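Here is a note to read beside the sequence and the structure. Please keep both in view and find each residue as it comes up.

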Amino acid sequence: MAYGVLVQLVAEGKEDEARNLLPFYNKIGLPHSWKQMNLPFTDEDLRVVADFAAAPGSPFHAAVPDVTADQIIDAMRTVEAF
């Protein structure tokens, strides 16, 4: 998912790389925000997603092994501010 790539890049400290993807995502119509996916951006929903993504065995955790749920939430908030 395009949004997940952005969040992963930001969580890895690669915010510039994430921002550089936005024109491409816009060009081909990939959503890059919760609003574009028609999802409510609430603290509770962020926590559910982040807890799942940070859990051992999740694909996100495999890509960014030391990531915490709070770091993922921070990354999602950063991506939403793009």
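This is a predicted model: local features need pLDDT of at least 70, side-chain atom pairs count only at pLDDT 80 or more; totals for chains, interfaces and linings use all residues.

1. Residues are numbered from 1 along each chain as its sequence is written, and side-chain values use heavy atoms, with hydrogens and water left out.

2. The largest nonpolar core has 23 residues, and Val7, Phe60, Ile72 and Met76 are the ones that touch the most other members. At least two residues of this core come from each of helix H1 (2-11), helix H2 (15-28), helix H3 (43-54) and helix H5 (69-80). A nonpolar core here is a set of buried Ala, Val, Leu, Ile, Met, Phe, Trp, Tyr and Cys residues joined through side-chain atoms within 4.5 Å; buried means under 20% relative accessible area, exposed over 50% and partly exposed in between, with a 1.4 Å probe and protein chains only. Helices (H or I, at least four residues) are DSSP runs numbered from the N terminus, as are strands (E, at least two). In soluble globular proteins, nonpolar side chains tend to be buried together.

3. Which residues does Met76 contact, leaving aside its neighbours within four places in sequence? They are Tyr3, Val7, Trp34, Phe41, Leu46, Val49 and Ala50, where contact means heavy atoms within 4.5 Å.

4. Two packed helices are described by the angle between their axes and the distance between the axes. Axes are lines fitted to C-alpha atoms, for helices over the stretch in contact, and angles run from 0 to 180 degrees between N-to-C directions. For H1 and H2 the angle is about 160 degrees and the axes are 7 Å apart, which means that H1 is roughly antiparallel to H2. The cut-offs are under 35 degrees for roughly parallel, over 145 for roughly antiparallel, 65 to 115 for roughly perpendicular, and oblique for the rest. On the H1 side the contact is made by Ala2, Val5, Leu6, Leu9 and Val10, and on the H2 side by Glu15, Glu17, Ala18, Leu21, Leu22 and Tyr25.

5. H1 also meets H5, with axes that come within 8 Å and cross at roughly 115 degrees. Tyr3, Leu6, Val7, Val10 and Ala11 of H1 make this contact with Ile72, Ala75, Met76, Thr78, Val79 and Glu80 of H5.

6. The axes of H3 and H5 are 8 Å apart, at an angle of about 125 degrees, and therefore H3 is oblique to H5. H3 contributes Asp43, Leu46, Arg47, Val49, Ala50, Asp51, Ala53 and Ala54 to the contact, and H5 contributes Ala69, Asp70, Ile72, Ile73, Met76 and Arg77.

7. Is Ala69 buried or exposed? Ala69, which lies in helix H5, is buried, with a relative accessible area of 13%. Leaving aside its neighbours within four places in sequence, Ala69 is in contact with Arg47, Ala50, Asp51 and Ala54.

8. His61 is placed in helix H4 (residues 59-63) and is buried, with a relative accessible area of 19%. Apart from neighbours within four places in sequence, His61 is in contact with Ala53, Ala54, Ala55, Pro56 and Val67.
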